[in-house]
Amino acid sequence: MSKDIWVYIEQNQGSVAPVSLELLNEAVRLKGRMKAPGKVIALIIGDELGQLTETCFRHGAEQVYTAADPRLSLYHPEYYAEIIVRMIRSHDPHIFLFGATCTGSQLAPMTAARVNTGVAAHSTELKLDEDDSLIAVVPAFGGRVLGDILIPGRRPQMASIKPGILEKAAVISRGDDLQNKGEGKAISLDFLDRISARLQPLRLCREEVRGMPLEEADLVLCGGFGVGDSENWTLLQALADKMGGALGCTRP
C-alpha cells in the first residue's frame with residue numbers, strides 16, 4: 001500500500017487559502033519522517049484552476065489533481081465531497097489533510113463518513129508513530145487537555161488543522177526536481193451530471209475584514225473578562241494597533 005499524503009487545497013476565486021499551503025509544507029515534513037514515504041499530492045476543486053497548480057508545486061506538492069468545472073466555481077458540499085470520495089476510492093491515500101475552516105470542517109467529516117474512516121478535527125499538531133501512522137494532537141476540555149488521536153486499521157487517516165497553527169507556508173526548494181515536475185492532472189467530472197444535488201449555491205457574499213486576522217498575526221494581544229466594558233476594550237484595540245498585532249479575547 002502507498003504512503004501518499006494528500007492535501008485538500010481550499011481556494012476562493014482563484015486564491016489558495018494560506019492554511020492549505022501550510023498543510024502542504026506539513027505534509028513534506030511528515031513525509032521526511034516516514035520510513036517508507038509516498039508522495040505529497042494536492043487536490044484542487046473549483047473552476048479555472050490552472051494557475052494554482054504552480055503554487056502547489058512550489059509549496060511541496062509532487063502531484064496536483066484538479067477538478068475544474070463552472071458548477072464548482074462556488075463551494076458546493078455535495079459535489080466537492082463526491083469528488084474527494086471518488087479520488088480516495090481510486091487512489092487509496094494513506095493520510096488526507098484538511099484545513100479546519102468553515103469549508104474544511106464540513107467536507108472532512110462528510111468525506112470520512114462516506115469512506116468509513118475517522119477524522120481528528122481541529123488538531124494542533126501532527127505526528128507519526130513507528131508504523132508511519134498518523135497521530136493527531138487534539139485539545140479538549142477548553143484546551144486543558146491534549147489528546148493523541150489515532151485511526152487504526154482505516155485509510156485514509158484524516159485530520160483537520162486550524163489556520164495559523166502550523167508554521168507559515170514557505171516555498172519548498174527542490175532544485176531541478178521543481179523544474180521537472182509534471183503538469184496538473186485533470187479529473188474527469190462526467191459523474192456530476194448524475195448527482196441529484198439538494199443544495200444550490202446562489203452567490204458569494206463578502207464581509208469586510210476589520211483589523212488583522214488572528215491566524216496571520218505574529219503577535220496577539222488578548223483581553224479577558226476583567227477588561228470590564230467596551231471603553232476599556234477600545235484601549236486594548238488601540239494598543240494592539242500600535243504594537244502591529246491582532247486583538248484576541250478569552251471565551252467570556
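Tutor: What follows describes the sheet, then the helix across it, then the cysteines. The model is predicted. The sheet is open and has three strands, in the order β8-β9-β10, with antiparallel pairing. Its edge strands are β8, covering residues 125-128, and β10, covering residues 145-149. Each of these edge strands pairs on one side only. From one strand to the next, the twist averages 30°.

Strand β9 spans residues 134-140 and is joined to β10 by five bridges. These two strands run antiparallel. Within this pairing, Val138 has Gly147 of β10 as its bridge partner. As background, strands of a sheet pair through backbone hydrogen bonds, in either a parallel or an antiparallel way.

A helix also belongs to the picture. Helix α1, made of residues 18-32, lies across β8 and β9. Its direction is at about 25° to that of β8.

That leaves the cysteines. A disulfide is counted when two cysteine sulfur atoms lie within 2.5 Å, and by this rule the count is zero. Cys222 illustrates the result: the closest cysteine sulfur, in Cys249, is 6.5 Å from the sulfur of Cys222, which is too far for a bond. Cys222 is partly exposed, with a relative accessible area of 47%. Cys56, on the other hand, is buried, and its relative accessible area is 0%.

How values were computed: Residues numbered from 1 in each chain as written. Predicted model: local features only at pLDDT ≥ 70, side-chain atom pairs only at ≥ 80, totals over all residues. Heavy atoms only, no water. Pairing = 2+ DSSP bridges. Helix = DSSP H or I, 4+ residues; strand = E, 2+ residues; numbered from the N terminus. Axes fitted to C-alpha atoms, helices over the stretch in contact; angles between N-to-C directions. Contact = heavy atoms within 4.5 Å. Buried < 20%, exposed > 50% of the residue type's maximum accessible area, 1.4 Å probe, protein only.
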